[in-house]
Amino acid sequence: MSTSSRTSAPSVNSRTAGARPGRIAAFVGLFVLGALTGAAGALVQAAWFPGGLLLSLAAAGGLFYVGTNLTGSRAGVGAAGAGWLVAVLFLTATRPEGDFVFGAGLGSYVFLLGGMAAAVICATVGVLVQPPRDSVRLGK
């Protein structure tokens, strides 16, 4: 049997690697940070309108962008966005006492829709990966 007929195992790079403990910890951390950002944003956006609204949307958008770049995939923004969404949906529900965090105002709707739009934008744009230096030149 010749050596040319054997197939070599595909190389595993950091983007296609399986579930390693560090990668799982990064996704769990992004989920928790997303939940914290959603809860803090829900409180800040109404307290300091309109500056708090801009601050909370900037924090959510920044977390989604960092999640994408930290993990090197769109799953990073998915983990952070899922945490943000769970926290925000939990805070939109009314309690038996009649209390709720979100009021029926323009700022609350802009925060909800703006945060979702920021997550979708970061997931759509994704990570811009540069090709390796050697493959850029065609003649070499």
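Me: At what angle do the axes of helix α1 and helix α4 cross?
Reply: The axes of α1 (residues 21–47) and α4 (residues 106–125) cross at roughly 155° and come within 10 Å. That makes α1 roughly antiparallel to α4. Angles under 35 degrees count as roughly parallel, over 145 as roughly antiparallel, 65 to 115 as roughly perpendicular and the rest as oblique. Axes are lines fitted to C-alpha atoms, for helices over the stretch in contact, and angles run from 0 to 180 degrees between N-to-C directions.

Me: What kind of model is this, and how are residues numbered?
Reply: This is a predicted model in which local features need pLDDT of at least 70 and side-chain atom pairs count only at pLDDT 80 or more, while totals for chains, interfaces and linings use all residues. Residues are numbered from 1 along each chain as its sequence is written, and side-chain values use heavy atoms, with hydrogens and water left out.

Me: Back to α1 and α4: is the crossing left-handed or right-handed?
Reply: The crossing of α1 and α4 is right-handed. A crossing is left-handed if the near helix is turned anticlockwise from the far one by less than a right angle, and right-handed if clockwise.

Me: Which residues make the contact?
Reply: From α1 there are G38, G41, A42 and Q45, and from α4 there are G107, S108 and F111. Contact means heavy atoms within 4.5 Å. By class, these residues are two nonpolar, five polar and no charged. Here Ala, Val, Leu, Ile, Met, Phe, Trp, Tyr, Cys and Pro count as nonpolar, Asp, Glu, Lys and Arg as charged, and the others, Gly among them, as polar.

Me: Is S108 buried or exposed?
Reply: S108, which lies in helix α4, is buried, with a relative accessible area of 8%. Buried means under 20% relative accessible area, exposed over 50%, and partly exposed in between, with a 1.4 Å probe and protein chains only. Not counting residues up to four places away in sequence, S108 touches Q45, F102 and G103.

Me: Stepping back, how many helices and strands does the chain have?
Reply: The protein chain has five helices and zero strands, in the order α-α-α-α-α along the sequence. Helices (H or I, at least four residues) and strands (E, at least two) are DSSP runs, numbered from the N terminus. Of the 140 residues in the chain, 30% count as buried. Among contacts between residues at least 6 apart in sequence, 70% join residues at least 24 apart.

Me: How do α2 and α4 pack?
Reply: Helix α2 covers residues 51–71. The axes of α2 and α4 are 9 Å apart, at an angle of about 20°, and the two helices are therefore roughly parallel to each other. The crossing is right-handed. Residues in the contact include L53, S56 and L57 in α2 and G107, V110 and F111 in α4. The contact of α2 with α4 has nine nonpolar, six polar and no charged residues.

Me: And what is the angle between α1 and α3?
Reply: The angle is about 40°, with the axes of α1 and α3 7 Å apart. The two helices are therefore oblique to each other, and their crossing is right-handed. Among the residues in contact are F27, G34 and T37 of α1 and A79, G83 and W84 of α3. The contact of α1 with α3 divides into 15 nonpolar, five polar and no charged residues.

Me: What does T37 touch?
Reply: Leaving out residues up to four places away in sequence, T37 touches A59, A60, L63 and W84. T37 is in helix α1 and is buried, with a relative accessible area of 17%. A polar atom of the T37 side chain lies 2.7 Å from the backbone oxygen of L33. A polar contact is a pair of N or O atoms within 3.5 Å; within protein, one must be able to donate a hydrogen and the other to accept it, and residues adjacent in sequence count only if both atoms are side-chain atoms.

Me: What about G34: buried or exposed?
Reply: G34 counts as buried, at 0% relative accessibility. Apart from neighbours within four places in sequence, G34 is in contact with L63, A80, G83 and W84.

Me: Last topic: where is the cis peptide bond?
Reply: The cis peptide bond joins F49 and P50, with omega about 0°. P50 is found in the loop between α1 and α2. Most peptide bonds are trans.
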